[in-house]
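The following exercises concern a predicted model. Please examine the sequence and the structure before reading each solution.

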Amino acid sequence: MPDNIVLIGFSGTGKSSVGRLLADRLDWPFIDTDDLIVERFGKAIGAVFRDQGEAAFRAAERDAVAIACAGARRVISLGGGAPVDPDNRARLGDRNLVVRLDALPETIFDRLTRGRSGEERPMLAGADPLARIRALLEARTEAYAIADLTVDTEGRTTDDVVGTILQWLETAPRHYSIEVI
Ligand code: S3P
């Protein structure tokens, strides 16, 4: 078993719901780096971007990734932009299993605009969020490619995605590279 299982991927790919269920199945704690940042500043992510700015948010995110990865036997969900930072990628290192959740830009857009959480997504602010999703996905190709496993969530339930990860955990050798299931 790896130290931790770290979920990466764009907003709306299901990191939080998959992370919570996976943690439940493994009986491991679940940690969301965005939650650590919200706790630290005592305000929502959107307000941190507005009041402190993106650079301060990214610095806090780096701390949150370090804190989350310092333990073991945790399921950790990273904010969508976290893997862009080379320090964060290095932090994930060898001993954490990194799982990327993926979906088409249109699906991400649908999920985020249908979402009832009311959560603000500052990276998607602007006139054309779908174009922004496409551009960010493109820009993050390399960052997301650090994943040991990529799971396509298109048309699949949370349960199904968690099942795929668990099955893969049982059978995968430790020295794999990216695999799409
Ligand atoms: C961000 C994604 C968000 C949050 C912040 C920035 C990004 O997390 O960290 O709004 O850069 O893509 P989720 O991926 O959990 O939505």
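## Strands and ligand shell

Strand β1 (residues 4–8) runs parallel to strand β4 (residues 96–102), and 5 bridges join the pair.

**Exercise 1.** Identify the residue of β4 that is the bridge partner of leucine 7, and then place the strands in their sheet.

*Solution.*
Step 1. The bridge partner of leucine 7 in β4 is valine 99.
Step 2. The open sheet has 5 strands with parallel pairing, and their order is β2-β3-β1-β4-β5.
Step 3. At the edges stand β2 (30–32) and β5 (149–152); each has a single partner strand, so one side of each lacks a neighbour in the sheet.
Step 4. From one strand to the next, the twist averages 25 degrees.

**Exercise 2.** Describe the shell of residues around the ligand: which residues come nearest, and how do the residues divide into nonpolar, polar and charged?

*Solution.*
Step 1. There are 14 residues around the ligand, and those that come nearest are Ser11, Lys15, Asp34, Arg58 and Arg140.
Step 2. The shell consists of 4 nonpolar, 4 polar and 6 charged residues.
Step 3. Helix α4 (residues 54–69) supplies the largest share of this shell, namely 3 residues.

**Exercise 3.** State how far the polar side-chain atoms of lysine 15 and arginine 140 lie from an oxygen atom of the ligand, and treat arginine 58 likewise.

*Solution.*
Step 1. For lysine 15, the distance from a polar side-chain atom to a ligand oxygen atom is 2.5 Å.
Step 2. For arginine 58, an N or O atom of the side chain is 2.7 Å from an oxygen atom of the ligand.
Step 3. For arginine 140, the corresponding distance is 2.8 Å.
Step 4. Taken alone, the ligand exposes 390 Å², of which the protein buries 95%.

Key
Residues numbered from 1 in each chain as written. Predicted model: local features only at pLDDT ≥ 70, side-chain atom pairs only at ≥ 80, totals over all residues. Heavy atoms only, no water. Near = heavy atom within 4 Å. Polar contact = N/O pair within 3.5 Å; in protein donor to acceptor, adjacent residues only side chain to side chain. Areas by Shrake-Rupley, 256 points an atom, 1.4 Å probe, with all protein chains shown as cover. Helix = DSSP H or I, 4+ residues; strand = E, 2+ residues; numbered from the N terminus. Nonpolar A, V, L, I, M, F, W, Y, C, P; charged D, E, K, R; others polar. Pairing = 2+ DSSP bridges. Axes fitted to C-alpha atoms, helices over the stretch in contact; angles between N-to-C directions.
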